Amino acid sequence: MKYFLPIFLLLCFTANSQETFSLSGNISDQNSSETLFGVNVVIPELNKGTVSNEYGFYSLKLPAGNYELQISYLGYQTITQNITISEDTNLNFELQEGSESLEEVVIKQDNEALNIKKPEMSVNKLSINTIKKLPVIFGEVDVVKSLLLMPGVSNAGEGSSGFNVRGGAVDQNLILLDEATIYNASHLFGFFSVFNPDAVKNLTLYKGGIPARYGGRVSSVLDIYQRDGSNKEFKMQGGIGAISSRLLAEGPIKKEKGSFLVGARSSYAHLFLKLTDNDNSAYFYDINAKFSYRLDPDNKLFFSGYFGRDVFNIRDNFKNNYGNAVFNLRWNHVFNSDIFSNLSLIFSDYYYGLTLDFVGFDWDSGIKNLNLKYDFNHYLTDNIELNYGIQNTYYDFNPGEIIPVDEESGINYFKLTNKYALESAAYLSARHNISDKFSAEYGLRYSAFFRLGQDELNVYENDNPLIYNSDLGIYQEAEPIGTESYDRSDILADFGNLEPRLSLAYSFNEQQSVKASYNRMAQYLHLISNTSSPTPLDVWAPSGPFIEPQILDQFALGYFRNFKNEIFSIEAETFYKTVKNRIDYVSGANLIANDAIETVILHGRSRAYGLEMLFRKNSGRFTGWLAYTLSRSEQQTPGRIPEESGINNGDWYKANFDKTHDISLVGNYQLNNSWEFSANFNYQTGLPATYPGGQYNYQSITVPVYGSRNENRLPAYHRLDISATYKPNPENKKFKSSWNFGIYNVYNRMNAYSITFRENSDTGVNEATKLSLFGIIPSVTYNFSF
């Protein structure tokens, strides 16, 4: 990496010596004034172009002269305008929604011909229009579950929270809502996601070739921005479903200067249980809010927030309350036509609460972080755009606290030791159009992590918290020989990592290209879990004296092509990635309320590799895609010395979320302006599992004997969903409404959530029992806006 800076500076100075001027401005929706992200700004005769950033800002370097300028965006009418460039010029554009009835096009970049040339790969983008058309469970539109229909993305099955990307674990995904970290992206233990689709502006999933401005996770980045709200007129929209409803309002604070957006969702199926004298309940609610105000043409302020809670109650004896709260204060500033900046102060809080009245105590745990970041877009020349910035995040981990309900409970107060950390990073990257056929995005990120002082830290003999008993062939927890206390300003451990990023694209012509990428990333937080799908009780642990950060190296190579004037497109990618210091738990580990998690874990490594295919039909009455993933995800946790067995005798074993085959077929058909039909089919290889291979009797107790870890699999998973959308009066522009009818799991496939083994009490014969969550589920939702 010592040659990176000199080469970078040489490229900057030699890129283009011709005098150029800046064309810059903002692009927004004509009706709502909502800024638009990813709008194409193109000068066809020069074969040059750019796209607007997350805040609608664009900048393009041009030589003096007269040009034809084209502004295009999916679902909007294209603007063509003749311009004269003789000095730095500022032009703002408002785009009008397209008048065609078949304007919504599925997951695709806005201009495929332009993006064929961009060094961007392993990226999935979903339009909100597409998400709302897909068949869903219980009639509730789900952003995260829509991503599962894309290649390289899966999860642990029905009712599971989170998602897995290219064989990575759930905790290896960085999920951002208006730049704030979301630690648990699910409601009701995975049945719904925390994202209200009415409030979502755009979303991007990075699976590889991840830009240098992102860090802290080693598998993927899901970046979601909320809408700003209209600053021209008051509007409302919402939906009423069988078990949940939502309502959103937006409008101007001061016309054409400031706006607000407030949305709320809630489920209410538990109310029907009370009609049957059932005291149990399970429901969720969340609130989205955003306020924006333009101080002047160069300065704009934003304040956004999200608050969500899940409540689970069993006869008032067991109460569960968990959720996220995030807030973000942002300042956009345009220094000049070449430099755009964003300063953000962000707070995230994930809380988990549990009340066990039958034993008499409350349990509280969670994680908080405060993040200050400053990012810059610098349009250096007509061929080079720089992105650079700094980030600083402070973490406060509360692993758990037991609080007695009253003195008669017999439970003593107990507090697991809080942990604290500081993560800092600086990055610099460049998007470089080297020639008409060859482009690159390259950058470097430096991250540093400091584990700060805490009240108590266990001390072990020879610094070894986990002892291997060679006689029994098992690992045992070491007893601490003492504890040490530290001030918060003390540093218990520190780590630093250089994270290079590189993406390349070579276009053979306007319709096909090959791309390659490499990225290294470091992750300093770990989710300690012994389930394939995380639960709210799982513990987030920071790197420190006994836990090393995870380090990823990923390579990807892809081929991209458009057919028949971009009506069809195909994407094929292959990837290989390795992760060092992947944590796994030893056999018999107790992970719940463990104040010494270092005594039950070992460091290992993981690897994943595979092939992803995506074939799409992008326009016409019928649109859709076929996605296929062939992959393998494995983990190895050898002993620390040759005499130790490690986990699974040190051999490679399938990761909990490994799926060899994953096929998704999605179709949308617009019959006319009133009726539209959708369907999706999904097939996946069953999840890995460990079944008993035998048994023995010990003092009249049957003891199962298990084989290698994850050497078996659950049965294959497959499902067909269908839906129909009816718009009663599509010509009414003031009041829009629609009915969505859906059937989840049409042929009532009882997919296995888990398989357990037991002895039949009548016959004495061992038998396998399959647990399934969902059969066929019909739904209906009424949506409206005015």
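**Figure 1. Lys232 in the loop between β17 and β18.** Lys232 sits in the loop that links β17 to β18 (235–240). Strands here are DSSP E runs of at least two residues and helices are H or I runs of at least four, numbered from the N terminus. The model is predicted: local features need pLDDT of at least 70, side-chain atom pairs count only at pLDDT 80 or more, and totals for chains, interfaces and linings use all residues. Residues are numbered from 1 along each chain as its sequence is written, and side-chain values use heavy atoms, with hydrogens and water left out. The C-alpha atoms of Lys232 and Asn31 lie 7.4 Å apart, across 201 residues of sequence. Leaving out residues up to four places away in sequence, Lys232 touches Gln30, Asn31, Ser33, Glu94, Pro252, Lys255 and Glu256 (contact: heavy atoms within 4.5 Å). Its side chain reaches the backbone oxygen of Gln30 at 2.5 Å.

**Figure 2. The open sheet β9-β16-β17-β12-β13.** Five strands make up this open sheet, and their pairing is mixed. Two strands pair if DSSP finds at least two bridges between them. The edges are β9 (123–126) and β13 (180–181); each has a single partner strand, so one side of each lacks a neighbour in the sheet. β16 (residues 200–206) and β17 (residues 220–226) run antiparallel, joined by six bridges. Leu203 has Ile224 of β17 as its bridge partner.

**Figure 3. Asp178 between β12 and β13.** Asp178 occupies the loop between these two strands. Its relative accessibility is 1%, so Asp178 counts as buried (buried: under 20% relative accessible area; exposed: over 50%; partly exposed: in between; 1.4 Å probe, protein chains only). A polar atom of the Asp178 side chain lies 3.0 Å from the backbone nitrogen of Gln226. Beyond four places in sequence, Asp178 touches Ile224, Tyr225, Gln226, Lys290, Ser304, Asn328 and Arg330.

**Figure 4. The largest nonpolar core.** This core has 33 residues; Phe163, Phe195, Leu203, Leu222, Ile224 and Trp625 touch the most other members. A nonpolar core is a set of buried Ala, Val, Leu, Ile, Met, Phe, Trp, Tyr and Cys residues joined through side-chain atoms within 4.5 Å. Two or more residues come from each of α3 (128–133), α4 (143–147), β12 (173–177), β16, β17 and β41. Setting aside neighbours within four places in sequence, Leu222 contacts Leu147, Phe163, Leu174, Ile175, Leu176, Leu203, Thr204 and Leu205. A second, separate core of 23 residues includes Tyr352, Leu416, Ala421 and Ala493.

**Figure 5. Tyr628 in strand β41.** Tyr628 belongs to β41 (residues 622–636). At 23% relative accessibility, Tyr628 is classed as partly exposed. Its side chain makes a polar contact of 2.8 Å with the side chain of His661. Residues up to four places away in sequence aside, Tyr628 touches Pro151, Leu611, Glu612, Met613, His661, Asp662 and Ile663. Phe318 is 310 residues from Tyr628 in sequence and 42 Å from it in space, C-alpha to C-alpha.

Figure 6. The structure holds 35 aromatic pairs. For Tyr374 and Phe376, the ring centres are 4.5 Å apart and the planes stand at 50°, so this pair is tilted. Rings of Phe, Tyr and Trp (its six-membered ring) pair if their centres lie within 6.5 Å; planes under 30 degrees apart count as stacked, over 60 as edge-to-face and the rest as tilted. Phe376 has 16% relative accessibility and counts as buried. The rings of Tyr395 and Phe397 have centres 5.7 Å apart and planes at 25°, so they are stacked. Tyr395 and Phe397 are both buried. One aromatic cluster is formed by Tyr55, Phe57, Tyr225, Phe302, Phe340 and Tyr379. Over the ring of Phe302 sits the charged end of Arg330, 5.2 Å from the ring centre (criterion: NZ of Lys or CZ of Arg within 6 Å of the ring centre and within 35 degrees of the ring normal). The charged end of Arg709 sits over the ring of Tyr653, 5.6 Å from its centre.

**Figure 7. The β31–β32 hairpin.** Strands β31 (residues 466–469) and β32 (residues 474–477) pair in the antiparallel sense through four bridges. Ile467 has Gln476 of β32 as its bridge partner. Four residues separate the strands of this hairpin, and Gly473 in the turn has a positive phi of about 70°.

Conventions
Polar contact = N/O pair within 3.5 Å; in protein donor to acceptor, adjacent residues only side chain to side chain.
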